[in-house]
Amino acid sequence: MSEIPHQARGAIALDAAACTSCMLCVKECPDWCIHIESHNEEVSEPGARRPRSVAVLDSFTIDWGLCMYCGICVEVCPFDALHWVPEHDYPAPDAQGLRHGIARLEEFGPS
Amino acid sequence: MPTRGTGDYAAGMAREQRVYAVVSHPEVRVHVRDLGLACCAVEFASAIGRGLLVPAEPSTSGAAVLVVSGTVTDALAPEVIAAWEALPEPKAAVSFGACSNSGGPYWDSYSVTKGVDRVIPVSTYVPGCPPRPEALVDALVALVVPA
Ligand code: SF4
Ligand code: SF4
Ligand code: SF4
């Protein structure tokens, strides 16, 4: 097999720990491929005047069946939680199989 | 010009079954009918142009694979069905690229079929807009050689 260029837009990997559930990628995706669910938790720190509200990511799904690999989500993420990887070999036996959640998107790993 | 909606155009395009050897898997022969409808079809040509697939002698065994690459419109859907029905058994269909997977960038368009699986059964969905030619080869090999 010929070598895949390292900068190839094969898939987008997620670093879930870096994601703040800010929803910018969801809103900017021209194709509406990204679905995020999150909830807010209150964190009280000793001595703080009031508890902080922290978003916790519950699910993050990219539908590769729709994605046009434009990279807008990667560009807009203020927290570098999304990045390109050259991995291209992930066909699915059914259309649902092209919806990848957090675990699968993290598996793509750092390039 | 082909007559719209009669099934002649795509069936004619797909009538020609080509046999390729997969260079990365020399033992594999794929019998392919290429139904190229939009830009993704260029990547099929690229798989041949770059020598990932090379023309070969037909082998006696093996299913025929219909590769649908590109945007299926409701106007063209009867042609796709005709191309599928023109294939002899055993057969399988590969949906190559976002457009044929789901409508892709045009999923909300009035005229675009929201996935070729609305009109024919699909065995493998290859993601990409367009997918790489390597992804076509990988999908064909996975289909022909059981894991
Ligand atoms: S690459 Fe483009 S189409 Fe794909 S998820 Fe990101 S913004 Fe959406
Ligand atoms: S833009 Fe980045 S931080 Fe915000 S929700 Fe998307 S991946 Fe998470
Ligand atoms: S998936 Fe993208 S590259 Fe393929 S036919 Fe549709 S628009 Fe063109």
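This short talk walks through chain A, its ligands, and then part of chain B.

Some ground rules. This is a predicted model: local features need pLDDT of at least 70, side-chain atom pairs count only at pLDDT 80 or more, and totals for chains, interfaces and linings use all residues. Residues are numbered from 1 along each chain as its sequence is written, chains are lettered from A and ligands numbered from 1 in the order in which they are written, and side-chain values use heavy atoms, with hydrogens and water left out.

Let's start with chain A. It has 3 helices and 5 strands. Both are DSSP runs, numbered from the N terminus: helices are H or I with at least four residues, strands are E with at least two. From the N terminus, the order is β-α-β-β-α-β-β-α. The C-alpha trace spans about 60 × 30 × 25 Å along its principal axes.

How much of chain A is buried? Of its 111 residues, 37% are. Buried means under 20% relative accessible area, exposed means over 50%, and partly exposed lies in between, using a 1.4 Å probe and protein chains only. Chain A exposes about 6,400 Å², and carbon and sulfur atoms supply 51% of that. These areas come from the Shrake-Rupley method with a 1.4 Å probe; for residues, only the protein chains shown count as cover.

Now contacts, meaning heavy atoms within 4.5 Å. Take those in chain A between residues at least 6 apart in sequence: 71% join residues at least 24 apart.

Next, the sheet. Chain A has an open sheet of 3 strands, in the order β2-β3-β5, with antiparallel pairing. Its edge strands are β2 (34–43) and β5 (99–100), each pairing on one side only. Two strands pair if DSSP finds at least two bridges between them. Between β2(A) and β3(A), residues 52–63, there are 10 bridges. One example: A:E37 has A:S59 as its bridge partner.

On to the ligands. A residue is near a molecule or strand if one of its heavy atoms lies within 4 Å of it. Which residues come nearest to ligand 1? Out of 13 around it, they are A:C29, A:C67, A:C70, A:G71 and A:C73. By class, that shell has 11 nonpolar, 1 polar and 1 charged residues. Here Ala, Val, Leu, Ile, Met, Phe, Trp, Tyr, Cys and Pro count as nonpolar, Asp, Glu, Lys and Arg as charged, and the others, Gly among them, as polar.

Ligand 2 has 14 residues around it, with A:C19, A:C22, A:M23, A:C25 and A:C77 nearest. Its shell splits into 12 nonpolar, 2 polar and no charged.

A:C67 counts as buried because its relative accessibility is 7%. A:C19 is buried too, at 17%.

How many disulfides are there over all chains? The search finds 0. A disulfide would be a pair of cysteine sulfur atoms within 2.5 Å.

Ligand 3 takes us to chain B. Its surroundings include B:C39, B:C40, B:C99 and B:C129. The shell has 8 nonpolar, 3 polar and no charged residues.

Last, helix α2 of chain B, residues 41–49. Its buried residues are B:A41, B:E43, B:F44, B:S46 and B:A47. Their cover includes β1 (18–22), β2 (25–36) and α5 (133–144) of chain B. Just after the helix, B:G51 takes a positive phi of about 80°.

Two of those covering strands, β1(B) and β2(B), pair antiparallel over 5 bridges. A hairpin joins them through 2 residues.
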